[in-house]
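Dear colleague,

Please find below the structure that I am handing over to you. My notes on it follow the display.

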Amino acid sequence: MGQKVNPIAFRTGVTRGWASRWYASKQDFADLLVEDRKLRNFITNHPKKSQYKSAGIDRIEIERTRDEVRVMLFVARPGLIIGKKGQEIEILQAELQNLIGRRINLKVEEVGRPELQAQLVAQDIAQQLQKRSSFRRTMKRSLEQTMDAGAKGIKIQLAGRLGGAEMARREKQSSGSIPLSTLQARIDYGTTEAMTPQGHIGIQVWINQGNYGDDNDGADAQTGQASKKPKRAHKR
């Protein structure tokens, strides 16, 4: 029917954790929400630090206490944000504190397999399109890399003046299975825009990372909650 739902919003609070974790009264809620938006926009679209875009920021999580704001960056290449001897991250922390007037506790964590993160895959496709690479070849390469990394499925959709064509259109490629309406499936979703000379090209990526509870390590990267599996009783 053409009715689409963001897979992350669909699972938030059910099988996936919130990107901002704090509580506020009705009077303060709107102001703190605007603060969160300011922090995210400042980091992802920094006015002076262009290397932040090439660092591969997957997501930004924010927690608040009475005394400070904890900002956690999940990055593919953390060295570009931390800098030599941690100088760059101290500058960024000071800039964020001046932006909202609160004490900031900034942490940077490395993303283990960027090929399985939809936002990072979308950003990589955008960079390739801006370098005038063929969109079909770029999509095919991204599909192969993600499936080789161990994904259960991936779908990529581009929309805009693809290949410099006069008429805008949509192109879609997929591999494996993407069960979008199955809440137990761990679907990651990312979107961005490639700014080409012919116009902006919208990029959407869906990646099926498997089911929640499949991993044996006991903790899920997105929710931070231990996965519980029913134990079988052994009779002697």
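On the face of H5 that is turned away from its buried side, the exposed residues are Glu90 and Asn98. Please bear in mind throughout that this is a predicted model.

The buried residues of H5 are Ile89, Leu92, Leu96 and Ile100. Viewed down the helix axis, these buried residues fall within an arc of 60°, so they line one face of H5. The elements that cover them include helix H2 (26–44), helix H3 (51–54), strand E3 (68–75), helix H4 (79–82) and strand E4 (103–110).

The length of H5 was also checked. Helix H5 comprises 14 residues (87–100), which at 1.5 Å a residue should span 20 Å; the end C-alpha atoms are 21 Å apart, which agrees. After H5 comes Gly101, which has a positive phi, near 75°.

**Strand E5 and its partners**

Strand E5 (residues 153–160) has seven of its eight residues buried, so the strand is largely enclosed by the rest of the structure. Strand E6 (residues 169–176) is joined to E5 by eight bridges, and the two run antiparallel. Strand E8 is also paired with E5 in the antiparallel sense, over seven bridges. Ala159 illustrates both pairings: its bridge partner in E6 is Arg170, while its bridge partner in E8 is Gly202.

**Aromatic pairs and charges over rings**

A pair of aromatic rings is described by the distance of the centres and the angle of the planes. How many aromatic pairs are there? The count comes to two. In one of them, the ring centres of Trp22 and Phe29 are 5.5 Å apart and the planes stand at 45°, so this pair is tilted. Trp22 is buried, with a relative accessible area of 17%, whereas Phe29 is partly exposed, at 42%.

Tyr189 and Trp206 also form a pair, with ring centres 5.4 Å apart and planes at 50°, so this pair is tilted. The pair links distant parts of the chain, since Tyr189 belongs to strand E7 (residues 185–196) and Trp206 to strand E8 (residues 199–211), 17 residues apart. Both Tyr189 and Trp206 are buried.

The charged end of Arg64 sits over the ring of Trp22, at 5.4 Å from the ring centre. Lys155 lies over the face of Trp206, 4.4 Å from the centre of the ring.

**Pro7**

Is Pro7 buried or exposed? Pro7 has a relative accessible area of 3%; because buried means under 20%, Pro7 is counted as buried. This residue lies in helix H1 (residues 7–11). Setting aside residues up to four places away in sequence, Pro7 touches Leu180, Ile187, Tyr189 and Trp206. Two of these contacts, Tyr189 and Trp206, are the members of the tilted pair described above.

Pro7 and Gly190 are 183 residues apart in sequence, and their C-alpha atoms are 9.6 Å apart in space.

With kind regards

How values were computed:
Residues numbered from 1 in each chain as written. Predicted model: local features only at pLDDT ≥ 70, side-chain atom pairs only at ≥ 80, totals over all residues. Heavy atoms only, no water. Helix = DSSP H or I, 4+ residues; strand = E, 2+ residues; numbered from the N terminus. Buried < 20%, exposed > 50% of the residue type's maximum accessible area, 1.4 Å probe, protein only. Contact = heavy atoms within 4.5 Å. Phe/Tyr/Trp six-rings, centres within 6.5 Å; stacked < 30°, edge-to-face > 60°. Lys NZ or Arg CZ within 6 Å of the ring centre and 35° of its normal. Pairing = 2+ DSSP bridges. Expected span 1.5 Å × (residues − 1). Arc of directions from axis to C-beta.
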